[in-house]
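Welcome, and please open the model in your viewer. We will walk through it one selection at a time.

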Amino acid sequence: MGCCDAPGLMPLDEAEAMIYRQLHAIRETETQALPTALDRILAEDIHAPIDVPGYDNSAMDGYALRSADLNQFPTFKQVGKSFAGHAFDGDVGRGQCVRIMTGAPMPKGTDLVVMQEDVNVEGEQIRLTHPQKLKVGTNVRRRGGDIDKGSQILRAGVRLGPAHIGLLASLGLAEVPVFRRLRVGLLSTGDELCPPGTPLASGQIYDSNRYLLSAILTRLNVEILDYGLIADDPAAIRAAFERAQSECDLILSSGGVSVGEADYTRDILGELGDITFWKIAMKPGKPLAFGRLGSAWFFGLPGNPVSAALTFHQIALPALQRLAGELPATPLCLPAELGATTRKRPGRTDFQRGSLTTREGKLVATPQDEQSSGVLSSMTRADCYIKLGQFAGNQAEGETVEVLPFDRWIL
Ligand SMILES: Nc1nc2c(c(=O)[nH]1)N[C@H]1C(S)=C(S)[C@@H](COP(=O)(O)OP(=O)(O)OC[C@H]3O[C@@H](n4cnc5c(N)ncnc54)[C@H](O)[C@@H]3O)O[C@H]1N2
Ligand code: MOO
């Protein structure tokens, strides 16, 4: 653990691996009706109960005919019509065609559709203007061409988005098995904190961490148990954690994990539960604490607003998703040129807030001037993290760095 420049700090990748090893998906599942399954996590693989499309049908408005007749007849006689929802039941003989609309079943014997823009209508006959464009299967959507009955179409662990919901509906599924929603407890600690909407007394600041975290948790569609603002009072913090551990799968606190005289959170976490690690080689976010509290997991996030946002986003969020049963996402990580020199001491992996632009087709990431972990406005001015390796020092403009564009969880 640790390194020469950062004694006692756990490297970020070790901390991530430790969380991954310890924490597994909850087991409880439930059945959810499709309209309310948005943003739930699928609990089982889904196999198609039917073929899609269920029958051969036309991709165009036009005329269905037999490919064997191509080049055999000067014109084709229309013998009926096939609409979506109203098939043509008759037989189609040699030199005959059926008027057909998009989505309508292909009449027996026909195997191609000529779009109506490519025919001249001559009374009851049609004449093909571009027969050379046609062959077996032209403008026909084959039964099972999209999905074969029995094939796996969704994997357990998928977060159901609008496209997944549509796909499930297209298979006739009215409900799906999902993991139950996670119960996530949230609390802020600090005597200086005041809820938005009330006037500030001297020496007070507004509690922003609980609001930022709660907004991300809302997008994650978890059940939020808000334990509110807890004073810097060991008895009050202890009581809040004791209640939360009996009610939650995961507890997120912010503040009180550093070494100050009113920083009780970590000590109480250690007293009531087991701390897996405290302090990681990450900037901002060094004093992050992670561990077990009864049957719940906890993250003691640092109080500084950028530190709380960053440690949640980079570390607690993937853990929460794993606990919720979600498949791991591969974060988008792109190479970019530095748009300005960075200042950094070796020892911690640094996540600087930056802005992305392009120059001559190349991505350029420029760090914000203000990188203090107390300056929350740096998060709304930025659109990416510039991730600087643990052992890197200052880097010059033009050097290549890794950037993590902000995703929907943060902006
Ligand atoms: N001697 C040392 N001091 C500090 C160290 C250190 O290693 N040695 N680490 C610093 C780092 S890095 C961080 S990050 C902070 C984390 O401290 P805590 O988690 O104990 O947080 P607090 O002291 O309670 O608060 C820090 C800061 O953030 C403000 N805050 C707290 N909660 C909220 C909230 N809900 N909404 C908005 N702002 C909040 C608080 O007022 C403080 O200004 O410790 C450093 N110190
Ligand atoms: O880790 Mo602290 O979060 O650098 O400000």
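**Stop 1: ligand 1.** Keep in mind that this is a predicted model. Begin with the residues of the shell around ligand 1, which divide into eight nonpolar, 14 polar and five charged. In total, 27 residues surround this ligand, and the closest are Asn-209, Gly-255, Ser-258, Pro-302 and Gly-303. Now colour helix H3 (209-219) and helix H6 (305-323): these are the elements that give two or more residues to the shell around ligand 1.

**Stop 2: the annotated span.** Next, select residues 185-322. An unreviewed UniProt entry places the feature "domain: MoaB/Mog" there. The span is 37% helix and 29% strand, and its end C-alpha atoms lie 17 Å apart.

**Stop 3: the domains.** The domain assignment lists domain 1 (12-28 + 180-323), domain 2 (29-52 + 146-179), domain 3 (57-141) and domain 4 (334-405). Taken over C-alpha atoms, the centres of domain 1 and domain 2 are separated by 33 Å. Where these two meet, five residues of domain 1 are in contact with five residues of domain 2. The side of domain 1 that touches domain 2 has two nonpolar, one polar and two charged residues.

**Stop 4: an open sheet.** Switch to a cartoon view and look for six strands that form an open sheet, in the order E7-E4-E6-E5-E9-E8, with mixed pairing. Why is one side of strand E7 (112-115) and of strand E8 (119-122) left without a neighbour in the sheet? Both stand at the edges and each has a single partner strand, so one side of each has no neighbour there. From one strand to the next, the twist averages 40 degrees.

**Stop 5: one strand pair.** Zoom in on strand E5 (residues 76-82) and strand E6 (residues 96-100). The two run parallel and are joined by four bridges. To see a facing pair, show Ser-82, which stands opposite Ile-100 in E6.

Note on methods. Residues numbered from 1 in each chain as written. Chains lettered and ligands numbered in written order. Predicted model: local features only at pLDDT ≥ 70, side-chain atom pairs only at ≥ 80, totals over all residues. Pairing = 2+ DSSP bridges. Axes fitted to C-alpha atoms, helices over the stretch in contact; angles between N-to-C directions. UniProt positions renumbered as here; feature names shortened; annotations may be inferred. Domains from an automatic or database assignment. Contact = placed C-beta atoms within 7 Å. Nonpolar A, V, L, I, M, F, W, Y, C, P; charged D, E, K, R; others polar. Near = placed C-beta within 6 Å.
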